[in-house]
Amino acid sequence: MGTRRRRVSVIYFISKLVKWDDLRMEIISNPTQVEMKKAAQALKDGHLVAFPTETVYGLGADATNQNAVSRVYSVKARPTDHPLIVHISSINQLGKWAVDIPEYAVTLAEQFWPGPMTLILKRSEIAKDFITGDQENVGVRVPAHQAAQNLLKEFENLGGLGVVAPSANRFGKVSPTKSNHVKEELGKALMSSDLILDGGPSQIGIESTIVSCLDSKPLILRPGAITTQMVERATGLHVIEANLNKSIKAAGLLSSHYSPKAKVILDQIPHPGDGFLAMSNIPTPEGAIRLASPENLEQYAKELYSALRLGDDKNLAKIYVDLPVGTGLGEAIRDRLRKSAY
Ligand code: TXA
Ligand code: MG
């Protein structure tokens, strides 16, 4: 073999060993404090940083940087009139983003932050149209995940005011609950200067409860781990649950969302070769491919999106899901599944 041919075949061989996509997008596992500071600096410099939260992984950008925020929309292929949630490290930062905050909203923030709850409030001057989708209100959340807390604190130490972070998936698709979900779905759309932080699987697994606090009573726009009953008990107020009110721009209120490639079919019997998801006490119908067997509602929420993704990884055309019963988290899981099946 000539030298030239040998060189070509060596290059070919190496290119087979190296996965170029892996080189492009690095996942930083269990980031150290130094890496966290670098990630915060990356946000401050206008780059995107995907990070874990206790609900799902978010795709973060400096909430005051229009260019960075517009990249979030394009990476997600999300319509620009869909507002983003601003993430802050503690309730102490809330006054920067919101004004005229009703007393019951303060009560909710004190009780459930840091945690899986987003409050919709009247926006301050800092919350520009490019994050609110031209609305006069803003969504704010204080996540509890330690890595999210660290990142936000480091970002605020650098003078940052807040980080927008939609779920780190393509618009309308299944939210990521692990760092490799983010890489698989958005890796190609991200740049080498962007980052993905890994903090293990999201502990809750479905997105935060969204509570609109624009009226005299709280209105639940998206159910989640903070349940209607918990909001009522904390505030002493009767809570209204939103019903597909099209005038409010919340994906939680879209009839179709959270969809895998496979067709999701609810409460019917699968055929051999179809995917199947149900509580552990329900046996797998003959020939169906079991995607998860959660033992309780907490586990169902935690495993739901991984199970839907697993169905896609296995190239299944259909996933049959047995809807869980029960109030609280059960309602939130049914809400996501009905939309993914729509
Ligand atoms: O758990 C969560 O909330 C995750 C993690 C990463 O924090 N984030 C998340 O963001 O789910 P996203 O963008 O995927 O969903 C947020 C929902 C969207 O449906 C958006 O339309 C709605 O919140 N939303 C945001 N700001 C709003 C506002 N001002 N008024 C009404 N809805 C709003
Ligand atoms: Mg989302």
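**Close-up views of a predicted model**

View 1. The structure holds one cavity of 30 Å³ or more, a cavity being a set of points on a 1 Å grid over the protein atoms alone where a 1.4 Å probe fits but cannot get out. This is a predicted model, in which local features need pLDDT of at least 70 and side-chain atom pairs count only at pLDDT 80 or more, while totals for chains, interfaces and linings use all residues. Residues are numbered from 1 along each chain as its sequence is written, and side-chain values use heavy atoms, with hydrogens and water left out. The largest cavity has a volume of about 50 Å³, a volume being the space filled by probe spheres set on the grid points, which are joined across faces, edges and corners. Its lining, made of residues that have an atom within 4 Å of a point, consists of I220, P223, G224, I226, T227, T228, E241, G328, E331 and A332. By class, the lining of the largest cavity comprises four nonpolar, four polar and two charged residues, where Ala, Val, Leu, Ile, Met, Phe, Trp, Tyr, Cys and Pro count as nonpolar, Asp, Glu, Lys and Arg as charged, and the others, Gly among them, as polar.

**View 2. Helices α11 and α12.** The axes of helix α11 (residues 297-313) and helix α12 (residues 329-341) come within 9 Å and cross at roughly 25°; axes are lines fitted to C-alpha atoms, for helices over the stretch in contact, and angles run from 0 to 180 degrees between N-to-C directions. That angle makes α11 roughly parallel to α12, a term for angles under 35 degrees. Helices are DSSP runs (H or I, at least four residues), as are strands (E, at least two), and are numbered from the N terminus. On the α11 side the contact (heavy atoms within 4.5 Å) is made by L297, E298, Y300, A301, L304 and Y305, and on the α12 side by L329, G330, I333, R336 and L337. The contact of α11 with α12 has eight nonpolar, one polar and two charged residues.

**View 3. Helices α3 and α8.** Helix α3 (residues 33-44) and helix α8 (residues 146-157) have axes that come within 8 Å and cross at roughly 60°. Q33, M36, K37, A39, A40, L43 and K44 of α3 make the contact with A147, N150, L151, E154 and F155 of α8. Sorted by class, the contact of α3 with α8 has seven nonpolar, two polar and three charged residues.

View 4. The axes of helix α6 (residues 103-112) and helix α10 (residues 228-235) come within 9 Å and cross at roughly 115°. Y104, T107, L108, Q111 and F112 in α6 meet M230, V231, A234 and T235 in α10, and this contact has six nonpolar, three polar and no charged residues. A cis peptide bond, with omega about -5°, joins W113 and P114; P114 lies in the loop between α6 and β5 (117-122).

**View 5. The backbone at A77.** Although A77 is not a glycine, this residue has a positive phi of about 55°. A77 is placed in the loop between α4 (66-76) and β4 (85-87).

How values were computed:
Chains are lettered from A and ligands numbered from 1 in the order in which they are written. Angles under 35 degrees count as roughly parallel, over 145 as roughly antiparallel, 65 to 115 as roughly perpendicular and the rest as oblique. On a 1 Å grid over the protein atoms alone, a cavity is a set of points where a 1.4 Å probe fits but cannot get out, and a pocket is an open set with protein on both sides within 12 Å along at least five of seven lines; lining residues have an atom within 4 Å of a point.
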